[in-house]
Amino acid sequence: MKLSEMKAGTTAMVKSLGADRHFVSRITAIGMSEGASFEVVKNDRKMPVLIYVRETLLALNREDCSRIEAEVQA
Amino acid sequence: MNRIALLGQPNSGKSTVFNALIGSRQHVGNWPGKTVEKKDGTYSWKGNTYTVTDLPGSYSLSGNSDEEIITEEFIRSGKADLVCVLVDASQLERSMYMLADFAALDFPAVLLLNMMDVAEAQGKTINAELLSRHLGIPVLPFTAADSKGYTELKDLFAAEVSHPHKLGSVPGVSAAGDSAEDIKHEGNAKYIWIREMLEGVSSSRAEHYTLTKADRALLSPVKGKFICIGVVLVAFLAAMIICIPFMSVGSMLPGIMSGPIAGFLNGLHVHPWLVSIFSMILPNTLYFAISMAAFVFGVNTVFGYLEEIGFLARAAYQFDGVLSRLGLQGKAVAPILMGFGCTIGGTSGTRVMDNWGQKMLAMAVVWAVPCGSIWAVMPVISGMFFPVWGTLLVCVGILVYVIILMTIVSKVFGNALAPKDSRSGMIMELPPYHKAHWGHIIKEALYKTWDIFKRALRTVTLISLLFWAFSYSSSGSIESSLLYRIGTAIEPVTRFFGMGWRTFAAFLSSAFAKEAVLGVLNAIFVGQSTLLEATFGAKTTALDASALASVMSSTISQAEALAFIFACTFNIPCVMALSTTYRESHSFKWTARVALFYIGSALILSCIVYHIAVLFLH
């Protein structure tokens with residue numbers, strides 16, 4: 001499931017960050033890596049998605065979030 | 001010589017530590033051949049001298065940008081004896097990524113756990129001693145904004161420079177591959193290493209994040225934007241309250257100083273020219289520099305506070321969508337909002353941007369924002385020609401054109417400064433709300449203020465001399481000045497752009513300082529004071545607005561007035577904004593390009609406004 005489609009409150013694990021080298025490098029350095037679990041804190045239409053990962057509240061551009069595949073965890 | 005380098009991610013508090021160690025004796029320049037800012041300086045401690053270099057902030061050392069390449073080369077070249085790595089103690093796992101990257105360089109280091117106060121406020125405990133044993137380097141819990149910890153820090157540097165420690169290597173990380181897959185593997189290896197290092201070090205992590213009540217309001221799509229705008233309006237009010245006392249003291253200077261200086265020089269029997277230069281330029285320049293510095297101090301104090309408590313990050317989240325259409329990131333919202341108060345403040349506020357291209361583009365966009373002085377002056381001029389509703393329309397027109405001009409600027413410069421394929425969407429951390437450290441905020445604001453004050457004195461003195469030469473008149477009337485002769489000679493050309501020689505001269509002076517425009521108009525149209533006094537002593541010159549209004553409205557047409565208002569508003573903001581842009585961008589070429597663009601576009605705008613307005617107005 002795409003990160004951009006996940007509802008607030010969902011706990012999930014990153015499956016794939018896509019294949020864009022620059023993007024992967026940037027997003028990994030700020031805390032998102034494949035296998036990392038995170039929580040979707042807020043996901044409003046037309047706004048960046050807020051997620052909580054590695055003790056950090058991150059705001060991620062919507063378009064970028066549609067490149068991130070994640071798996072919902074119970 | 002003992003050489004220390006500071007390394008850390010943005011928001012790690014690196015520049016706070018640097019400023020606290022070095023104070024105002026810092027040397028700011030460029031990394032050779034690059035537009036990346038280099039800051040270094042020295043301090044003495046217990047009889048030894050230490051050089052500190054502030055390495056460019058970046059999230060990793062993967063060679064993605066000039067900043068990262070410079071940092072890596074600097075450390076590899078051995079130009080430092082010790083690297084001080086800063087991490088955010090409240091987000092330890094994430095911010096240690098930089099340390100894991102750094103480990104591959106195999107270099108002596110100490111680790112600074114900054115923002116311990118925030119971590120403690122969140123109920124986190126960190127066993128620094130255990131972390132130090134895991135890492136093999138000293139670890140110091142720290143709060144950079146608090147002056148108390150620096151004795152211990154300097155002692156630590158002194159000890160480590162003579163007996164350095166190195167990190168162990170991170171398993172699974174090699175500099176071999178560079179594909180997306182390689183980065184993913186190495187990234188995972190780094191985070192596994194970080195987990196191992198943090199084993200038993202920090203108290204358990206919270207699994208769920210609950211937005212605070214303030215965040216629920218501030219981050220909501222519609223209400224949040226209104227709150228942001230409201231907070232910024234209050235912030236400007238606060239900035240004005242801070243700077244008014246300084247300004248009013250400064251405004252007394254010309255009155256106090258002019259007489260005695262003139263008297264003293266007359267007593268020495270120097271040439272009257274020199275008397276007029278010194279008795280007029282000196283006090284007015286001083287006054288002008290003080291009011292500018294006071295403005296910068298007010299805006300920086302207030303916005304420094306908003307940044308420190310975490311508000312500006314929320315505003316960036318709110319306006320990321322709008323700004324990405326201009327090729328900018330949400331972070332540019334702070335400098336743009338600051339620009340409504342003072343372009344100088346806004347320009348230096350672009351420091352928060354991720355890379356040079358974004359920073360330069362943000363500065364070019366900030367120039368389009370009419371500053372506080374424009375909002376004070378232009379409605380007055382408009383009121384001389386138009387009824388109240390007309391003036392309101394002019395203000396609305398200005399606001400609409402701000403958006404148009406920003407779009408044009410981003411189209412003209414966007415592709416070169418932020419190429420489409422390098423544009424990246426917002427990836428930003430929203431820091432937890434901090435308690436503000438006022439001492440630190442004021443100190444940082446004072447650094448900037450002092451810097452502006454020094455440069456304003458230099459620049460304004462130079463410009464004043466130029467003005468004095470152009471407006472000097474042996475008979476006392478403006479008709480015998482150089483300005484009049486040149487102005488009337490080129491009037492056929494300036495007429496095409498909608499301005500006669502008088503308004504054109506005022507337009508040119510608006511590039512020096514917007515608050516002076518009224519005074520300049522007064523000098524040119526009414527001719528009671530000299531142009532020089534008018535330009536640099538705007539508020540000291542007694543101004544009879546109604547007299548000016550009646551002379552102006554009988555001399556120039558409504559269409560010309562309208563063209564003039566738009567041309568002035570969207571001209572170069574002021575010489576100090578120009579000088580600050582050069583200082584921040586370290587690029588003469590780009591500063592000149594943007595300046596020429598603004599002069600040109602203001603003239604074209606004036607031309608269009610005039611030729612349309614003559615069809616409707618008289």
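Q: Which residue stands opposite A:Thr11 in β2(A)?
A: A:Glu39 does. Strands here are DSSP runs (E, at least two residues; helices are H or I, at least four), numbered from the N terminus, and two strands pair if DSSP finds at least two bridges between them. β1 (11–16) and β2 (37–42) of chain A run antiparallel, joined by three bridges.

One note on the model: it is predicted, so local features need pLDDT of at least 70 and side-chain atom pairs pLDDT 80 or more, while totals for chains, interfaces and linings use all residues. Residues count from 1 along each chain as written, chains are lettered from A and ligands numbered from 1 in written order, and side-chain values use heavy atoms, leaving out hydrogens and water.

Q: What is the strand order of the open sheet?
A: The order is β5(A)-β1(A)-β2(A)-β3(A)-β4(A)-β8(B), with antiparallel pairing. β5 (69–72) of chain A and β8 (427–429) of chain B are the edge strands. Where the chains meet, β4(A) pairs with β8(B) over three bridges, and A:Leu60 stands opposite B:Ile427.

Q: How much area do chain B and chain A bury between them?
A: Interface size is often given as the accessible area lost when the parts come together. With a 1.4 Å probe, summed over both parts, the two chains bury about 3,700 Å², 56% of it on carbon and sulfur atoms. On chain B's side, B:Tyr209, B:Tyr317 and B:Ile427 lose the most, together 20% of what that side buries.

Q: How many salt bridges are there between chain B and chain A?
A: Look for a side-chain nitrogen of Lys or Arg within 4 Å of a carboxyl oxygen of Asp or Glu. The count is three, including B:Lys124 with A:Glu55, whose closest N and O atoms are 3.3 Å apart.
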